[in-house]
Amino acid sequence: MRGAHRTYRKAMTDRAFATRAIHAGQQPDPLTGAIIPPIYQASTHVQDGIGGYRGGFEYNRAGNPTRSSLETQLAALEGGASALSFASGLAAEDALLRGILRPGDHVLLGNDVYGGTYRLLTKVLAPWGIETTTVDLQSADAVRAAVRPETKIVWLETPSNPLLKIVDIAVIAEAAHTAGAILVVDNTFASPALQQPLALGADVVVHSTTKYLGGHSDVLGGAVVFGDDRFVEQVKFQQFAVGAVSAPLDAWLTTRGIKTLAVRVRQHSENAQAIAEWAASRPEFADVFYPGLASHPGHEIAARQMSGFGGMLSLGLSAGPAAARAFAESTSVFQLAESLGGVESLIGYPPEMTHASVRGTALAVPENIVRLSVGIEDVADLIADLEEGLARIAAS
Ligand SMILES: *Cc1c(COP(=O)(O)O)cnc(C)c1O
């Protein structure tokens with residue numbers, strides 16, 4: 001193979017983020033020169049004699065070239081040693097947790113992590129002997145008080161969902177390591193375009209690639225990215241033995257989404273900042289939860305550990321829960337739906353949607369909020385849509 005291919009094979013670690021997002025794991029097809037590698041839509045690979053695998057590929061639960069490309073790209077995004085790709089964010093989390101934990105182990109979880117993570121630990125893994133407690137990770141003292149000899153994992157999410165609380169990753173990494181635990185960061189909300197937890201001391205990063213990485217609300221997926229080699233084999237074994245892998249087309253769609261991540265997230269952040277500032281000036285909103293506002297309690301930490309404030313924000317309606325619920329049903333550009341991170345703007349009422357499963361638990365959220373996933377439409381249209389929504393609920 002001549003020059004171009006050799007250049008591509010070179011590690012992408014010396015390139016900037018936007019370049020890595022486009023090129024890592026994406027060498028042109030060596031057979032035809034097709035600039036986009038083909039989707040290897042196959043379940044098995046022919047062997048050149050027994051055990052004579054081409055490129056190491058055998059059967060697609062164990063490995064698929066399209067999935068491998070995505071895994072290379074994911075590792076490059078987070079500055080990780082390697083990555084594994086899964087059928088969903090929760091499948092990725094499950095493989096990580098079962099790969100690392102054994103009965104009797106304890107997980108210390110932020111008290112505002114994704115509800116599905118809480119459910120996985122307390123409903124699926126608890127009967128297999130995994131103990132979970134929750135704590136406010138904004139306080140390193142609270143973390144030091146809550147860790148036990150059995151604590152294997154401290155698990156955090158920042159910015160958190162839906163109140164956009166900010167946790168200092170470096171501080172909690174140190175507290176976790178002092179206690180003999182590892183730090184896992186769910187980096188779904190920020191995306192690696194804005195925040196790189198491994199560089200701040202985290203050991204492992206997880207993603208729901210369904211959100212910003214895929215970015216177009218057309219594919220489900222998840223990832224585990226490792227800072228080093230300590231846990232790779234045991235999690236890879238779970239991936240192989242259980243089989244919650246990305247399908248080739250899903251992996252390919254995620255790869256395509258990731259290529260525009262840097263530019264999309266910049267626009268998501270710019271639009272969300274404008275909406276947060278607009279909302280802060282409106283009496284209909286008692287609270288605006290957005291780390292890009294100087295008034296946000298986590299603003300300084302966010303400004304330090306993130307390179308932008310992201311596209312997620314929540315608004316607390318002054319008129320209370322019924323108004324919040326009605327407002328979520330009153331917009332039209334912002335569409336009423338679960339999920340986040342796509343190019344289109346979404347609105348949701350967390351107590352009955354994303355956070356319905358934690359209503360009445362320690363993870364319950366205020367009843368007067370709506371959550372916005374701010375898309376990359378024209379921001380004047382987005383603000384006009386929210387204004388029309390306010391007018392509609394005022395008139396009803
Ligand atoms: C959506 C989400 C998950 C779960 O991912 P799925 O792809 O839906 O399984 C985990 N963490 C966060 C922060 C999420 O938003």
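How many cavities of 30 Å³ or more does a search of the whole structure find? I ran through this predicted model and the count came to three.

**Entry: the largest cavity.** I started here and noted about 60 Å³ of space. Its lining includes Ala337, Glu338, Tyr349, Met353 and Arg371. Strand β11 (346-348) gives the most, with three residues, and β12 (369-373) also supplies at least two. Sorting the lining by class, I got six nonpolar, four polar and two charged residues.

**Entry: the second largest cavity.** This one holds about 50 Å³. I listed Gln26, Ile36, Pro37, Pro38, Thr66, Ser69, Trp252 and Thr255 around it. Helices α3 (65-78) and α9 (248-258) are the elements that give two or more residues to that lining. I found four nonpolar and four polar residues there, and no charged ones.

**Entry: the second largest pocket.** Next I turned to an open site, with a volume of about 360 Å³. I counted 26 lining residues, and Leu90, Tyr114, Gly116, Ser208 and Lys211 lie nearest the centre. The elements giving two or more residues are α4 (89-100), α5 and β6 (204-208). Both domain 1 (2-258) and domain 2 (261-395) contribute at least three residues each.

**Entry: strands β2 and β3.** Strands β2 (residues 106-110) and β3 (residues 131-135) run parallel and are joined by five bridges. Between them the chain passes through α5 (residues 115-125), and I noted the β-α-β crossover as right-handed. Within the pair, I saw Leu109 standing opposite Thr134 of β3.

Note on methods: Residues are numbered from 1 along each chain as its sequence is written. This is a predicted model: local features need pLDDT of at least 70, side-chain atom pairs count only at pLDDT 80 or more; totals for chains, interfaces and linings use all residues. Side-chain values use heavy atoms; hydrogens and water are left out. Two strands pair if DSSP finds at least two bridges between them. Helices (H or I, at least four residues) and strands (E, at least two) are DSSP runs, numbered from the N terminus. A crossover is right-handed if, with the strands pointing away from the viewer, the path from the first strand over the helix to the second runs clockwise. On a 1 Å grid over the protein atoms alone, a cavity is a set of points where a 1.4 Å probe fits but cannot get out, and a pocket is an open set with protein on both sides within 12 Å along at least five of seven lines; lining residues have an atom within 4 Å of a point. Grid points are joined across faces, edges and corners, and a volume is the space filled by probe spheres set on the points. Domain bounds come from an automatic or database domain assignment. Ala, Val, Leu, Ile, Met, Phe, Trp, Tyr, Cys and Pro count as nonpolar, Asp, Glu, Lys and Arg as charged, and the others, Gly among them, as polar.
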